Amino acid sequence: MSYTLNRIDKNIISILQRDGRITYAQLAREVGLSTTPCIERVRRLEREGVIKGFSARIDPASVDAALVVYVQIRLNHTSGDIFASFKQSALDLEEIQECHLVSGDFDYLVKVRVKDMHAYREFLGETLLKLPGVQESTSIVVMEEVKETLAVPIRYD
C-alpha cells in the first residue's frame, strides 16, 4: 500500500466496519469532515485496496447453511504443485467460507458452512476429500457460535 492511513481514515474504516450502509453525510459528520472530502477519502481507501468491498450479513439458517465445521487438511506432499492445485479447487467451492494455509501438523484450515450434518458428511466424502492431494482430514464441528465478526481491529498508535 502506497498510502499511509491517518486518524480520520482509521475512523472512517471503523465506522464503515460497524455500518457499511451509513450515508456519506452521516459518516462525514461522525469523522468531522464535510461530505465531499469524506466521499473522496472513502473512494481513495477503495482504490488503495484498504476497503475491499461491502456486503450484507445473512442469517445462515435462513439460507440452509447453519452448520459450521472447521476442517484440518493434510496434503500428500509428493507433487510440487499440490498446494496450488488444492488452493484453486478450494476457491471454487461455495461451501468453503475460509481456507488458510497454516503451520503445524496439518497444511490447511478450512471453514465449511452447510445445512446440517448429513450435508456435511456428503460434502466431506463426495467433494472435500477428493480435492487434489488430500491425504487426511480432521473435522471440528461447531456446536455454538459465540462470536463471529469480519471487523479488523483498528490501531491508533
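Numbering starts from 1 along each chain as its sequence is written, and side-chain values use heavy atoms, with hydrogens and water left out. Because the model is predicted, local features need pLDDT of at least 70 and side-chain atom pairs count only at pLDDT 80 or more, while totals for chains, interfaces and linings use all residues.

Helix H1 (residues 7-18) packs against helix H2 (residues 24-31) at about 130°, and their axes sit 10 Å apart. Helices here are DSSP runs of H or I with at least four residues, and strands are E runs of at least two, numbered from the N terminus. Axes are lines fitted to C-alpha atoms, for helices over the stretch in contact, with angles from 0 to 180 degrees between N-to-C directions. H1 and H2 are therefore oblique to each other (under 35 degrees is roughly parallel, over 145 roughly antiparallel, 65 to 115 roughly perpendicular, and the rest oblique). On the H1 side, the contact (heavy atoms within 4.5 Å) is made by Ile8, Asn11, Ile12, Ile15, Leu16 and Arg18, and H2 brings Leu27, Glu30 and Val31.

A pocket is an open set of points on a 1 Å grid over the protein atoms alone, where a 1.4 Å probe fits, with protein on both sides within 12 Å along at least five of seven lines; lining residues have an atom within 4 Å of a point. Of its 20 lining residues, Leu16, Gln17, Gly53, Ser55 and Leu150 are closest to the centre of the largest pocket.
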